[in-house]
Amino acid sequence: MFDLPLIWFALLFTALFLYVLLDGFDLGVGILFPFAPSDECRDRMMNSIAPFWDGNETWLVLSGGGLFAAFPLAYAILMPAFYMPVILMLLGLIFRGVAFEFRFKAVKSRFIWDYSFHFGSIVAAFMQGMILGAYVRGVQVEGRSFAGHPFDWLSAYSFMTGVALLFGYALLGATWLMMKTDGITRDWARKCASYVLGYVGVFLAIVSISMPIMNDRVRHLWFSLPDFYYLLPIPLVTAAFFVLIWRDLQKGAEYRPFFLSVGIFLMGYIGWGISLWPWLVPFAVTFRQAAAAASSQSFLLAGTLVILPVIIAYVAWCYYVFRGKVSEEGYY
Amino acid sequence: MFENLDPVVFSRIQFAFVISFHIFFPAFTIGLASWLAVLECMWLATGRPVYAVVYRMWVKIFAVTFGMGVVSGVVMSFQFGTNWAAFADKAGNILGPLLGYEVLTAFFLEATFLGVMLFGWNRVNRGVHFAATIIVTLGTLISAFWILSANSWMQTPQGFMVAKNGLLYPTNWLQIVFSPSFPYRFVHMITGAYLTTAFVAGGIGAFYLRRDRHIKEARVMMGMAMIMAIFVAPLQLLAGDVHGLNTFAHQPVKVAAIEGLWETQHGAPLTLFGWPDQKEETTKFAVEIPRLSSLILTHDFNGEVRGLKAWPRDERPPVPWVFFAFRVMVGIGALMALTGLTALVLYLKKRLFDTRWFQKWCIAMIPAGFAAVLAGWIVTEVGRQPYIIQGVMRTADALSPVNGIPVAISLGAFVLTYGVVFGAGIFYIIKLIRIGPEAEADVYGSHGVKKPALLTPTVSKDEGQHV
């Protein structure tokens, strides 16, 4: 009755986007961390994400766990294929995650946890970007398992996508800080956002151009009529978002740039999803081939349909509870 | 030389390492969350500030421990894929949804409401804050429910079929979620977690009493901990015994390894201590109590207990690990019950809080729960070997298509990272203990800032002072 694999594909696609978006801004705060003008700024930055980071990271666990549950074959192929970047990402997440608690307990050694937070965030973000780059280039599969080399993920291209994601997350982080802080922290965040915005545009253009060049199917999809016209709004809207952010940054708007950055991520993400459809392990296994048993997918779906709206409701409530700007107390 | 590195061995060591490290944190936070909920409840009910002060001290320790539990737990959710992909592929239909439910029903709940619990003191009213504490507590228990359900299914699998392509397919979800060993394992683990926390709290309380510091708060800590030791420690021995009978029914080879019993016997003795020798298939220097093993396991002095030789060599677990770990666990369990008994006697003599040697003893017992939990998991996990899913899939067949070098490197990286990061965590927890409970209204989440971390107060002034 239901097209279970398709529903699960859509759910996971959404969950991964929520991860990229939510952990994106707090990883971005980590990326910008040591460049902030003062220790007080850093305290504010940390406080602006402290109540949320744990929940944000849970979307990663949901994406990983959901992939295991709904598409075990894809999970079993992709994890070994990206063994090293996944492990490095996890180690990065450890170093940044513990910093939230440790840096406020430390006095003399606080700088250690500041750097642990910064470099952990950079490693995690960079590895996610590298995985993304390696993923779009395709994964070698034989039978039901990964058949490539342990270093297949490492290439100039994946290095470039790693750097690209660093800038992307930095933009999310900077616009988040504009929204959640004021005074010199906000002004500094605005400068950061203006600075990284251009890089984000350049990298997004490179990725958008390189994907059709590398893959015939992707080229065919984007540059054949009438698909070209259907897909044209994606780059156009993205370009419009860039222009709007730029103008907002000039004018000093505090809230809209964050949501426009989210819009840019959403557009890029949709474009990426359309390009790779229907592959879950590009270009070897489709989401239908990787689907778990129908009874497994429906068993989990029954609960998910009830629980996921509740989760979204209380997560939203949590953001509502911690609304407003982080305290400026301390600027005396 | 590096071509010969065996990815199976390194993957096993890596998994054992990351999961052993991880289990310390949930073992502590499950109990601590429940205790914090009780403390906040007592504070709201009685209005006595001492409970709030104790809450404030331990919620900081909870936050540090929980943070470490989260980051080491994220690692776990990827290990199945990175290192045990063949297992993930074969059993994904069954274990995937169980872990999926854990994320959906527990992880989000814990992560989101933890934020409110730690930082929400000036932004929500007391009732909502208490609700957040309760929800976090529920989250820890729900999380334990699903992960123990998954683990129990791997111990005592049922409700599935093996398809022609070798994959496992679910046939009955109720049977999968509630596999035969699950209820026993759940009760045993939750009780173990509660006792672990109780002995930490009790030991810290004793430490303050010994130093004549924070007397009021220390009495709350030690008093509540000893209530657990008096009533729950004996129950845990009972729960463990029932769990053992369940294992005897479903995984008899594990019990044979626990007992160090090689020959199948009627009227099997209970080996108190000895040296099991896997090669020579005998337990050396055994100190035995005749017929007791048969009596415990079959409730009959002459009941039959199968020995390890009833199984081929390649079906037996590594006996010494199981044998010794079991004795560590039971030994600590007995010491905990003894502590409870002593506490009861001292309490009746009205000497519970000022007996110096007992304070020393309680301080020595601080790590006891952790050691027992770890030993217990070694018994049950090593005792299942050589299988990853009892009778269905061998651990050696579960591996990812990875070669030895990356796994050896990642293992090294994990050891180094965990050593540094969690070493620091323990250091900061000890620091928090040294500072001790603070009476003034320094509040968690203010992070040294005298005002709340976020502006826009949403609660009226008289509600502002909060735990």
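**Confidence and architecture of a predicted two-chain model**

In chain B of this predicted model, confidence is lowest in helix α14 (residues 461-464), at a mean of 41, and highest in helix α6 (residues 182-210), at 94. The score behind these values is pLDDT, the predictor's confidence in each residue, from 0 to 100. Helices (H or I, at least four residues) and strands (E, at least two) are DSSP runs, numbered from the N terminus. Residues are numbered from 1 along each chain as its sequence is written, and chains are lettered from A and ligands numbered from 1 in the order in which they are written. Because the model is predicted, local features need pLDDT of at least 70 and side-chain atom pairs count only at pLDDT 80 or more, while totals for chains, interfaces and linings use all residues.

Chain B has a mean pLDDT of 87, and 93% of its residues reach 70 or more. Over residues 445-467 of chain B, pLDDT stays under 50, and the model has 56 contacts beyond four places in sequence for this stretch; here two residues are in contact if their C-beta atoms, placed from the backbone, lie within 7 Å. Where pLDDT is low, the predicted coordinates should not be read in detail. The model scores ipTM 0.87 and pTM 0.89.

Turning to chain A, the model shows 14 helices and 4 strands. The radius of gyration of chain A is 20 Å, close to the 20 Å that the globule rule gives for 332 residues, so chain A is as compact as a globular protein of that length. This radius is taken over C-alpha atoms, and the rule is 2.2 Å times the number of residues to the power 0.38. The C-alpha trace of chain A spans about 65 × 40 × 40 Å along its principal axes. Among contacts in chain A with a separation of 6 or more, 77% join residues 24 or more positions apart.

Of the 332 residues of chain A, 55% count as buried. A residue is buried if 20 or more other C-beta atoms lie within 10 Å of its own, exposed if 12 or fewer, and partly exposed in between, with C-beta atoms placed from the backbone. Helix α4 (residues 72-81) of chain A is largely enclosed by the rest of the structure, because 10 of its 10 residues are buried. Among them are A:P72, A:Y75 and A:M79.

Chain B is divided into domain 1 (7-179 + 403-454) and domain 2 (213-396), with bounds that come from an automatic or database domain assignment. The C-alpha centres of domain 1 and domain 2 of chain B lie 25 Å apart. In chain B, 19 residues of domain 1 are in contact with 22 residues of domain 2. On the side of domain 1 of chain B that touches domain 2, α1(B) gives the most, with 6 residues.

B:D277 has B:T282 in β5(B) as its bridge partner. There are 4 residues between β4(B) and β5(B), and B:E281 in the turn has a positive phi of about 55°.

Finally, the contact between the chains takes 64 residues from chain B and 67 residues from chain A. On the side of chain B that touches chain A, α3(B) gives the most, with 21 residues.

Methods
Two strands pair if DSSP finds at least two bridges between them.
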